[in-house]
Amino acid sequence: MQLLKKFMKSKALYLAAALLCQLLILIILMSYFSYEFVPVYYFMIVLSVIVAIIVINRDSDSSSKLLWVFIIMALPFFGGILYLLFGGRKIPKALMIQDRQAYSDYKQYALQNMKMIENGPSDDPNFKKMINMAWNNGYFPVYSHVDTKYFFTGKEQFESILEELKKAKEYIFIETYIIDEGKMWDSMLEILEQKVKEGVDVRIVYDDFGSILNVKPEFQETLREKGIKIHSFNPIHPQLAIQMNNRDHRKIIVIDGKTAFTGGSNIADEYINEVERFGYWKDMGIRVRGRAAEPFIISFLQTWNYVSDTNTPYEEFVMPPASYPQYSEKKGYVLPFSDSPTDSNNIGKNVHMNMLAGSTERCWISTPYLILDSEIEAQLILAVNNGVDVRIVVPGIPDKKTVYEVTKANYENLLKKGVRIYEYTPGFIHGKVTLADDKQAFVGTVNMDFRSYYLNYECGIWMYDTECIPDIQKDFEEIFAQSHEVTLQEVKKVNPVVRWSRNILKIFSPLM
């Protein structure tokens, strides 16, 4: 009810109504002209055939191709236009330029990366495979002697963030999908206001769609009056446009270039369980100290330069290597990365694929959404066939019921092949964490779904043999103890109508 009230008072209602009107007008006009002018009808049919051929031959996941060919065949008159409006991945040119510049700037780390490959663990090919993949997919460097801290809950991470914000001397960068009023935001804002008075450069980027129900129209103006620099990413406009589908799902906080946070938590009270929405909200995160904060600085500024239409040089914020805190006693390697729909590298998906392929004993995964394409599903099954203990934890209480039904549609085939699935019974698990054996771990913003793999801006940290990996294993063991393990028998007992409806929804999963 509270969410409905927010919707009725927000610009989301206006935008939804405007988009619906545009779509209806488009359909009416197309129908009229095709009826009155027969050549228009045949033109639209030919257009749909051409678009179907383009879809089949595009460099994309097979599930998405199948869906769009199905839509075009089912609606030959409208199908081609629908794809051109919603199915492509047209990215604003300015943002693509910023991405290319960011990739170019990462190249300066080439010698460092090659040195890490040479000096890394020579007996583990998975290490070299992962850092080579990250380098070839975006020039992301790997770091050693980095301090890492894993957070078992969003509240634990939030408390650490507040402590680090209070220490800021030069700048604070915050990039998030959601900002909502409440204890979490108010506590952060109080510190940010004080830091601005101390001369600290505070910049915030939030996703316009993610926060559309939360922020007031005067939100940005109010913060700018306080001295905080702020912009929304990809503002939602009442127009039928492909790029409205590309959202900034990253969660990044960088303080003075020396400390960085990422993970599943946005800036809203449910992430720290100050309010209850879907039972207990379980989130996880990671903090790095040292030179591994560099890629997050570059990633944030790449986004900032686009949304603010400026050209902030990275050199002003990236310190000389010798200026970073040294953690020579820390073992292991850290590989921070960001992912973008402006290319076809899909590094977030590739991290999951590499971890599954490189596992020998276990691969444990937590994800709020389990919406798989054929490649990931095949990799999960192959890992099981290789003798790996593959477990996936999903929420016991969903936040999006339609998406949850698609998640459940994936149960049967995975269970048949030996993948173990757990539902987190206390509530909603939102953390995006993967553990491979006792050597590799990933913490970030990447869900196991189409949006994270192909449409959203994402980020995360892959770790190899770092000191926090035992904490991640401990957390998974505690999660399993609190969760219900789904069996094939109970899945088969589900009402056949429900099972069929889930399978139908699964067809449309690339749109979710």
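Please keep in mind that the model is predicted. We start with helices H8 and H13, which pack against each other, and then turn to strand E16, which pairs with E15 and is also joined to E17.

**The helix pair H8 and H13**

- On the H8 side, the residues in contact are Asn 126, Lys 129, Met 130, Met 133 and Ala 134.
- They meet Ile 347, Asn 350, Val 351, Asn 354, Met 355 and Gly 358 of H13.
- By type, the residues of this contact comprise 6 nonpolar, 4 polar and 1 charged.

- Strand E16 spans residues 440-444 and is mostly covered, with 5 of its 5 residues buried.
- Gln 440, Phe 442 and Gly 444 point one way from E16, while Ala 441 and Val 443 point the other way.

**The partners of E16**

- Strand E15 (residues 432-436) pairs with E16 in the antiparallel sense, over 5 bridges.
- Within this pairing, Lys 432 has Gly 444 in E16 as its bridge partner.
- The hairpin of E15 and E16 has 3 residues between the strands, and Asp 437 in this hairpin takes a positive phi near 55°.
- Strand E17 (residues 458-464) runs antiparallel to E16 and is joined to E16 by 5 bridges.
- Here Gln 440 stands opposite Tyr 464 in E17.

Notes: Residues numbered from 1 in each chain as written. Predicted model: local features only at pLDDT ≥ 70, side-chain atom pairs only at ≥ 80, totals over all residues. Heavy atoms only, no water. Axes fitted to C-alpha atoms, helices over the stretch in contact; angles between N-to-C directions. Helix = DSSP H or I, 4+ residues; strand = E, 2+ residues; numbered from the N terminus. Contact = heavy atoms within 4.5 Å. Nonpolar A, V, L, I, M, F, W, Y, C, P; charged D, E, K, R; others polar. Buried < 20%, exposed > 50% of the residue type's maximum accessible area, 1.4 Å probe, protein only. Pairing = 2+ DSSP bridges.
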